[in-house]
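Colleague: I should like to go through this model with you. Could we begin once it is on the screen?
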Amino acid sequence: MGVKTLFKLSLAFAAGLSGTSWAYPGMGKTLEDLSSLATRQTGSQPELLADLAALDDDALSPVGWTIKQILLANRTAVQPHDPNTVYSPPGPLGSRACRRDTCCLWKYVADEMAQDFLESSGECNDLARQAVRLGFHDAGSWSKSASSGGADGSIILAGEWRRNENRGLESIARQMQLWYDKWHPQGAGMADLIQMASNVAAVSCPLGPRVRSFVGRPDSSRPEPANLLPGPNDDAASLVALFEDKTIVLRELIALIGAHTTSTQRFVDPAMAGAPQDTTPGVWDASWYNETLDETSPPQVFRFESDLALARYPGAQQFWKSFENPANEQFAWNNAYAGAYVRLSLLGVESLNDLEECTGVLPLPNNRVSSSR
Ligand code: HEM
């Protein structure tokens, strides 16, 4: 990575640092813009999920209220990059003080995951990429007409990871089982472990967002129907319809697929196994949006047909542009990704009002980008 790129990344990161603090000048306006963009796209308010669609505001818990505001795009889902927001455990793991506070266990879990997701260069590794994708594949196996499924841990507990649509997730599936065997006796569920791992992985990548993280999802070992996940050769209209059936609108879909910034494919074209989807797969940078459209991208970058189809989809252009605009790309994209990921990570969970928030257990964002690349 050249000095110029590094400088640009540092600026973007600095913008992310201040941009996600509530004190950032102009942030209110930016969030207003994001929110009104979301509303303009659908012509109505974004869809609420599960019990939050039925409960009156005065029946909401503080966490239920927060989730509702995130789903309505009224509030950022990126946690401020402020050391004061880092959770400090009240005691050692297993102590009475620790057992009394739900987030205490999760702090120990998240710290262990974070160590496993980093290269010595400071970039995020293959296990981190797979963790982000695993979070999507567990939660995303859900549709509005489904009576069960979603973010319920069944991708591991019911062995769905062995399905063709989940190829490439073998290492993280094995690791997740190890984590479950270790942490479940202390109270951690599989569904929460998977979504926590996805958020720890995203923030472990340089420039990645600290996505607000909730726990308390019930587990299920009942297999979901197959074919609720997208394929790399699907056309744009089918992808848009597939995600709308999960309450994920086009703007959210375009934000979510930006996760391919950290992706390396193995099974779309096995002859190019290991080929990344942008030039910096160890970094969570918005340059994926530019590089996907750029015909002059280096030949080692492998672009999915599905990503190209969405990039060219007429209705998606305004969102694509808002994430590739050099003035605020990283900030705008991280906010949009985080909001959309919170929605995705809660699909199929019925009692959102009863969840607890443990975002503070996530590491602070990672600004270590190796200058030797
Ligand atoms: C249009 C929808 C999507 C399609 C068609 C798609 C397809 C794919 C494919 C084919 C791979 C490569 C698997 C392999 O060969 O190893 C992949 C990797 C990946 N996807 Fe997606 N994906 C989509 C959406 C998403 C979303 C919503 C997320 C996250 C929120 C995501 C995160 C990832 C990540 C992190 C990887 C890298 C995994 C690794 O390197 O091991 N994808 N995706």
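Colleague: Is Trp320 buried or exposed?

Modeller: Trp320 is buried, because its relative accessible area is 1%. Buried means under 20% relative accessible area, exposed over 50% and partly exposed in between, with a 1.4 Å probe and protein chains only. Please note that this is a predicted model, in which local features need pLDDT of at least 70 and side-chain atom pairs count only at pLDDT 80 or more, whereas totals for chains, interfaces and linings use all residues. Residues are numbered from 1 along each chain as its sequence is written, and side-chain values use heavy atoms, with hydrogens and water left out.

Colleague: What is the mean pLDDT of the protein?

Modeller: The mean is 88, and 86% of the residues reach 70 or more; pLDDT is the predictor's confidence in each residue, from 0 to 100. Over residues 1–32, however, the pLDDT is below 50, although this stretch has 44 contacts in the model beyond near neighbours in sequence. Contact means heavy atoms within 4.5 Å. Where pLDDT is low, the predicted coordinates should not be read in detail.

Colleague: Back to the rings. How many aromatic pairs are found in the whole structure?

Modeller: The search finds 12. Rings of Phe, Tyr and Trp (its six-membered ring) pair if their centres lie within 6.5 Å; planes under 30 degrees apart count as stacked, over 60 as edge-to-face and the rest as tilted. One of the pairs is Trp288 with Trp320, which is tilted because the centres are 5.4 Å apart and the planes stand at 40°. Trp288 lies in helix H12 and Trp320 in helix H14, so this pair ties together parts that are 32 residues apart in sequence. Helices (H or I, at least four residues) and strands (E, at least two) are DSSP runs, numbered from the N terminus.

Colleague: And what type of pair do Tyr289 and Trp320 form?

Modeller: That pair is edge-to-face, with 5.1 Å centre to centre and 80° between the planes. Tyr289 in helix H12 and Trp320 in helix H14 are 31 residues apart. Tyr289 is itself buried, at a relative accessible area of 0%.

Colleague: Which residues do ring pairs link into a cluster?

Modeller: The cluster consists of Trp284, Trp288, Tyr289, Trp320, Phe323, Trp333, Tyr337 and Tyr341.

Colleague: What do the buried residues of H13 pack against?

Modeller: They pack against helix H10 (236–244), H11, helix H12 (287–293) and helix H14 (317–324). In H13, which spans residues 305–312, the buried residues are Ser306, Asp307, Leu308, Leu310 and Ala311.

Colleague: Changing topic, which residue is the protein donor of the iron atom of the ligand?

Modeller: The only one is His260, through NE2 at 2.2 Å. Donors are N, O and S atoms within 2.8 Å of the metal (3.2 Å for Na, K and Ca); water is not among the atoms, so sites may look incomplete. His260 sits in the loop between helix H11 (250–256) and strand S2 (264–265).

Colleague: Which residues does UniProt list for "binding site"?

Modeller: The unreviewed UniProt entry lists Asp138, Gly150, Asp152 and Ser154. They are spread over 17 residues of sequence yet cluster in space, the largest C-alpha distance being 8.3 Å.

Colleague: Where does Gly150 lie?

Modeller: Gly150 is in the loop between helix H6 (126–140) and helix H7 (154–157), and is buried at 0% relative accessible area. Ser154 is found in helix H7 and also counts as buried, at 0% relative accessibility.

Conventions
UniProt positions renumbered as here; feature names shortened; annotations may be inferred.
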